[in-house]
Amino acid sequence: MSSGGPNWFKYASPMAFYPLAGRLIPWFAVPAVVLTAIGLYMTFFVAPVDYRQGDAYRIMFIHVPAAWMSMWLYICMAVYAALGLVVRTRLSSMMAQAIAPTGAMFTFIALWTGAFWGKPMWGAWWVWDARLTSELILLFLYIGVMALRAAIDDTRRADRASGLLALVGVVNVPIIYYSVQWWNTLHQGASISMTAAPTMSRIMLWTLLVMTFAFWAHAFVTSLMRVRGIILERERHAEWVAEMVDETK
Amino acid sequence: MTPRQKRFAFVAAGLVAIGLATFFILNAFKAGVMLFYSPTDVVAGKAPQHKTIRLGGMVEKGSLERQPDDLTVHFVVTDLAEKVTVSYTGILPDLFTEGQGVVAQGRMSPDGLFMASEVLAKHDETYMPPEVADALEKGKQRAAQGAGPVGGEI
């Protein structure tokens with residue numbers, strides 16, 4: 001890497017990433033707040049009622065982005081866990097640790113709002129169909145990864161054990177995504193896919209996308225803030241942390 | 001191979017192995033993962049006979065009959081190949097309509113009637129404003145009358 005341009009690998013070091021993360025946070029925090037405000041306004045005032053479900057379908061604008069984020073963040077966490085296991089960069093494991101609580105929160109929101117949607121529309125809060133059950137397993141995986149890490153005192157062993165569990169659990173993500181195609185489920189199929197035109201009106205689609213980017217930005221903010229805390233905690237004996245603390249005194 | 005490549009190979013092989021194992025497990029338990037049986041399965045006897053099962057399909061248009069004196073309803077569930085008549089006493093979910101998806105839980109009675117204890121509505125993945133739905137319905141009616149879609153022919 002002697003050619004020109006910035007050396008991106010330098011940011012694999014926690015010392016270099018700590019200030020970068022701090023500078024990045026506002027760039028995601030502002031979109032998170034603005035897009036959430038716009039998205040919620042569109043959800044309640046702009047998007048039209050649905051021809052069959054009336055107003056209750058508006059839960060979708062929280063439910064679907066949360067469910068997408070729950071799966072996407074799990075993949076991100078698993079990729080970081082794999083990097084931590086294979087390349088053994090310390091920052092990767094810290095990122096995996098930082099993403100998990102946000103992913104668990106979105107999984108919980110998806111399940112919770114889904115229950116609120118299911119009761120008036122289907123007639124049941126909960127059904128043991130493949131989509132709902134696999135999403136519940138995703139919540140247990142997130143909690144399991146976090147609990148396993150918390151149960152092991154030695155940081156490197158904790159990284160390895162929880163990273164392995166995160167990787168094993170990644171098989172669940174395609175199961176969640178394709179469950180509505182592979183099996184009979186009460187949950188409806190996907191309205192938006194990469195291979196077919198979306199089966200919803202354009203303004204509904206835009207509302208959904210705005211909310212998705214709002215949630216995504218939120219995930220960036222919380223993960224970056226959390227990883228800064230993790231870096232400080234793990235590097236508390238490092239010289240650069242001591243120097244930084246001295247400077248702020 | 002460097003240690004790093006070895007670790008990568010180990011992780012990749014592990015993921016493939018777990019993926020394959022999951023595939024075979026899910027394939028073996030396919031019937032257990034299915035939430036409901038279709039009318040074709042029930043008529044063909046693939047569904048358990050004397051156990052509580054779920055039956056899923058579309059409510060056939062014009063098949064809904066309400067009893068005048070109580071909450072008992074009869075309707076036909078179809079998968080466009082076979083039909084099963086369902087009897088249910090209770091309040092139907094708001095989204096329950098003819099021509100839409102439904103999942104009923106219950107068991108087959110000896111006379112071929114499916115006695116449901118719970119009826120769930122299954123909605124599809126289409127979302128649109130009522131005006132659009134009206135316009136689509138009108139277009140469908142026009143097409144059915146033989147007029148064809150507007151601007152469809154030169």
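This is a predicted model: local features need pLDDT of at least 70, side-chain atom pairs count only at pLDDT 80 or more; totals for chains, interfaces and linings use all residues.
A network of salt bridges links A:Arg149, A:Asp159 and A:Arg234. The general idea is simple: side chains of opposite charge can pair when their charged atoms come close.

A:Arg58 forms a salt bridge with A:Asp55, with 2.9 Å between the closest N and O atoms. The arginine of this pair, A:Arg58, has a relative accessibility of 11%, so it counts as buried. A:Asp55, at 47% relative accessibility, counts as partly exposed. Then there is A:Arg90, which forms a salt bridge with A:Glu235, the closest N and O atoms being 2.5 Å apart. A:Arg90 sits in helix H3 (residues 90-121) of chain A and A:Glu235 in the loop between H7 and helix H8 (239-248), so this pair ties together parts that are 145 residues apart in sequence. Here A:Arg90 is partly exposed, with a relative accessible area of 48%, whereas A:Glu235 is buried at 10%.

Chain B joins in with B:Lys83 and B:Glu60, a salt bridge whose closest N and O atoms are 3.0 Å apart. This pair links distant parts of the chain: B:Lys83 belongs to strand S4 (residues 83-89) of chain B, while B:Glu60 is in the loop between S1 and strand S2 (65-66), 23 residues apart. B:Glu60 is partly exposed, with a relative accessible area of 24%.

Next come the aromatic rings, with 19 aromatic pairs over all chains. Take A:Phe28 and A:Phe220: their ring centres are 4.1 Å apart and their planes are at 5°, so the pair is stacked. A:Phe28 counts as partly exposed at 23% relative accessibility, and A:Phe220 counts as partly exposed at 35%. A:Tyr74 and A:Tyr142 meet at another angle: with centres 5.2 Å apart and planes at 70°, the pair is edge-to-face. A:Tyr74 comes from helix H2 (residues 60-86) of chain A and A:Tyr142 from helix H4 (residues 130-151) of chain A, so parts 68 residues apart in sequence are tied together. Both A:Tyr74 and A:Tyr142 are buried. A ring can also have a charge over it: the charged end of A:Arg228 sits over the ring of A:Tyr18, 4.2 Å from its centre.

One aromatic cluster takes in residues of both chains, namely A:Tyr57, A:Phe61, A:Trp117 and B:Tyr127. As for the meeting of the chains, 41 residues of chain A are in contact with 33 residues of chain B. Between them the two chains bury about 3,400 Å², 64% of it on carbon and sulfur atoms. On the chain A side, A:Tyr51, A:Arg52 and A:Asn184 lose the most area to chain B, together 22% of what that side buries. Salt bridges between chain A and chain B number 0.

Chain B itself splits into domain 1 (1-33) and domain 2 (36-145), and the C-alpha centres of these domains lie 40 Å apart. B:Gly56 is part of strand S1 (residues 53-59) of chain B and is buried, with a relative accessible area of 3%. Neighbours within four places in sequence aside, the contacts of B:Gly56 include B:Phe36, B:Tyr37, B:Val77 and B:Val102.

Note on methods
Residues are numbered from 1 along each chain as its sequence is written. Chains are lettered from A and ligands numbered from 1 in the order in which they are written. Side-chain values use heavy atoms; hydrogens and water are left out. Rings of Phe, Tyr and Trp (its six-membered ring) pair if their centres lie within 6.5 Å; planes under 30 degrees apart count as stacked, over 60 as edge-to-face and the rest as tilted. Buried means under 20% relative accessible area, exposed over 50%, partly exposed in between (1.4 Å probe, protein chains only). Helices (H or I, at least four residues) and strands (E, at least two) are DSSP runs, numbered from the N terminus. A charge sits over a ring if NZ of Lys or CZ of Arg is within 6 Å of the ring centre and within 35 degrees of the ring normal. Domain bounds come from an automatic or database domain assignment. Contact means heavy atoms within 4.5 Å. Buried area is the accessible area (1.4 Å probe) that two parts lose on being put together, summed over both. A salt bridge is a side-chain nitrogen of Lys or Arg within 4 Å of a carboxyl oxygen of Asp or Glu.
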